[in-house]
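Work through the exercises below with the sequence and the structure at hand. Each task is followed by a solution in steps.

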Amino acid sequence: MAEVKLAVLGGGGAGKSGKDREPPAPGDLGARWGGGAALVPALTAAFASPAALAVRFLTRRFIGEYASNAECIYTKHLCLDGRQIHLEIYDPCSQRGKLLLTDELHWADGFIIVYDISDRASFAFAKALLYRIRESHVGACKKMVESAVFLVGNKQDLCHMREVGWDEGQKLAVDNKCQFCELSAAEHYQEVAAMFMKVLRNVISNFKVKEKRRPSGSKSMAKLINNMFGKRRKSV
């Protein structure tokens, strides 16, 4: 089973909508959330900012913005293209405005950067997050394969309040070599699900690249050991 870790990041309000709904009662989170999703740890006050996007994908339900004093990790088992995946989604909740991302850059296999199309400040913050991620790819934190990154303009249902144009989002994505889309977490579950599936496929593709690079080195090492000790080893 493949393990995939995604970080969903963005400025305050990027997950809200003009169609926010009432939250489930505290203590009723586990009972009312289906679809095999689990919240770790269970919180009596749940989501803020881009978390609504993650919860929409995990539960098919739209839940508006919440105040939270704790970071959240959501987990879900799913099947993608015949492959079993254990998915973990990280949302920093109350840590809006955090740009260092030191832990996230080492933890996550992919990033979903969310901004609110009706809030230019959230777009500026998304731009700063993308710069930080790109900077890590050319700096000391560079991995063998770059993380999958997806830029998402949320609240397409609030086009009448738009402050950030589609072309601005597209240009930012091109400049940072990541994918881009606009959607409404409140209105279209299928669009949210399709976006997450694209990110997961990109991450799995990166895994395959890593797997292709490893065998040559491991085979050379095995050959060296065999030459030294004169023993054959069976691959497990």
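**Exercise 1.** Is Phe-180 buried or exposed, and what is its relative accessibility?

Solution. The model is a predicted one. Phe-180 has a relative accessibility of 13%. Buried means under 20%, so Phe-180 counts as buried.

**Exercise 2.** Describe the aromatic pair that Trp-166 and Phe-180 form.

Solution. Step 1: the distance between Trp-166 and Phe-180 is 5.7 Å centre to centre. Step 2: the angle between their planes is 65°. An angle over 60 degrees counts as edge-to-face, and the pair is given that label. Trp-166 is in helix α5 and Phe-180 in strand β7 (residues 179-182), 14 residues apart, and the pair links distant parts of the chain. Step 4: Trp-166 has a relative accessible area of 47% and is partly exposed, whereas Phe-180 is buried.

**Exercise 3.** How many aromatic pairs are there? Describe the one formed by Tyr-90 and Trp-107.

Solution. Step 1: the count comes to four aromatic pairs. Step 2: Tyr-90 and Trp-107 are 6.0 Å apart centre to centre, with 65° between the planes, and the pair is edge-to-face. Step 3: Tyr-90 belongs to strand β4 (residues 83-91) and Trp-107 to helix α3 (residues 102-107), 17 residues apart. Step 4: Tyr-90 is buried at 8% relative accessible area, while Trp-107, at 23%, counts as partly exposed.

**Exercise 4.** Which residues of α5 are buried, and which are exposed on the other side?

Solution. Step 1: the buried residues of α5 are Gly-169, Leu-172 and Ala-173. Step 2: viewed down the helix axis, these buried residues of α5 fall within an arc of 100°, so they line one face of the helix. Step 3: Asp-167, Lys-171 and Val-174 are exposed on the other side of α5. Step 4: just after α5, Lys-177 has a positive phi of about 55°.

Notes
Residues are numbered from 1 along each chain as its sequence is written. This is a predicted model: local features need pLDDT of at least 70, side-chain atom pairs count only at pLDDT 80 or more; totals for chains, interfaces and linings use all residues. Side-chain values use heavy atoms; hydrogens and water are left out. Buried means under 20% relative accessible area, exposed over 50%, partly exposed in between (1.4 Å probe, protein chains only). Helices (H or I, at least four residues) and strands (E, at least two) are DSSP runs, numbered from the N terminus. The arc is that of the directions from the helix axis to the C-beta atoms. Rings of Phe, Tyr and Trp (its six-membered ring) pair if their centres lie within 6.5 Å; planes under 30 degrees apart count as stacked, over 60 as edge-to-face and the rest as tilted.
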